[in-house]
Amino acid sequence: QKMALINASDEVKVLLDALPYIDSEYDNPVIQSEVRSLIEQEMASMQPRDYLAHLPSPPSSLFSNNEMLSSEMERIADGQRLAPLEVSRYEVSGPPKELSRDPQAWRASLANAQAQLEHQHNRLANLELLDRYGSQAWLQQNGALFKMQSSMVATSEIASKSAEAANLKRKVAQETAAPRMGVLQNNYYQALKENQEVAVACAMLKSDVKKLKAEAESAGLVMAAQEVEQTLVEGSGLNGGTLASEVDLYAGGEVTGMEN
């Protein structure tokens, strides 16, 4: 009743003893609750698996040749928040009042205004390029995405068909073995019942033997049986263990004869 799924390339051997296509206990709410409880207990005792154990360890110092990226990695490692973006350089404003008569301040403001104007020119150029070539670029991108989707769908269909074939094979195998398993299960329970009956009968016989021995002792027959056994041992050279059962039968026969 057990199926072993063993792969030579896998380190773990999985032993399945569940037959979902023929076991009818799964529909029982009590069994379902018990199964969920067992699953939760087993999962609580499982150690988390290291899925990166087969990969090489990362280098001790990332981006050692790039100061900006290195400092950014240190910021993330320290858990510091990202500083807000500086947007003041995108604003076009004159110098403050206290520098309103400073020519250098006005030159800086003028340079900033010229930079913002050039930035707007770049935005216009990008919008014109997008208007002229953007639709074709999007169509090409959509075509590439459609090819990727078709490939993934085909791979998914192959996997689904393989899984369906495996499930169908398991179903046929389990349903084919179901009658034989039913007979074996009935024989098993019948054997258990017969063993129980034999055990009960043996217990009753032991109780009767104990009772008969007690009656034999009270009637003085045990001493006589022991004398007969000793005489037979001395005369025949047999050990006492060989004659124990015969003496018991003798004592039991005498008591039965007395009762009759």
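R75 counts as buried, with a relative accessibility of 17%, where buried means under 20% relative accessible area, exposed over 50% and partly exposed in between, computed with a 1.4 Å probe on protein chains only. The residue lies in helix 2 of a predicted model, in which local features need pLDDT of at least 70, side-chain atom pairs count only at pLDDT 80 or more, and totals for chains, interfaces and linings use all residues. Residues are numbered from 1 along each chain as its sequence is written, and side-chain values use heavy atoms, with hydrogens and water left out.

- When neighbours within four places in sequence are left aside, R75 is in contact with Q80, R81 and L82, contact meaning heavy atoms within 4.5 Å.
- M68, also found in helix 2, is exposed, with a relative accessible area of 61%.

- P96 is found in the loop between helix 2 (67-78) and helix 3 (103-219), and it counts as partly exposed because its relative accessibility is 38%.
- A distance of 9.7 Å separates the C-alpha atoms of P96 and W106, which are ten residues apart along the chain.

**The chain as a whole**
- The secondary structure comes to five helices and two strands, which run β-β-α-α-α-α-α from the N terminus on; helices (H or I, at least four residues) and strands (E, at least two) are DSSP runs, numbered from the N terminus.
- Of the 260 residues of the chain, 7% count as buried.
- Among contacts between residues at least 6 apart in sequence, 35% join residues at least 24 apart.

**Confidence**
- The mean pLDDT of the chain, the predictor's confidence in each residue from 0 to 100, is 80, and 77% of the residues reach 70 or more.
- Confidence is lowest in strand 1 (residues 3-5), at a mean of 43, and highest in helix 3, at 92.
- Over residues 1-10 the pLDDT stays under 50, and the model has 19 contacts beyond four places in sequence for this stretch.
- Residues 240-244 also have pLDDT below 50, with seven contacts in the model beyond near neighbours in sequence.
- Where pLDDT is low, the predicted coordinates should not be read in detail.
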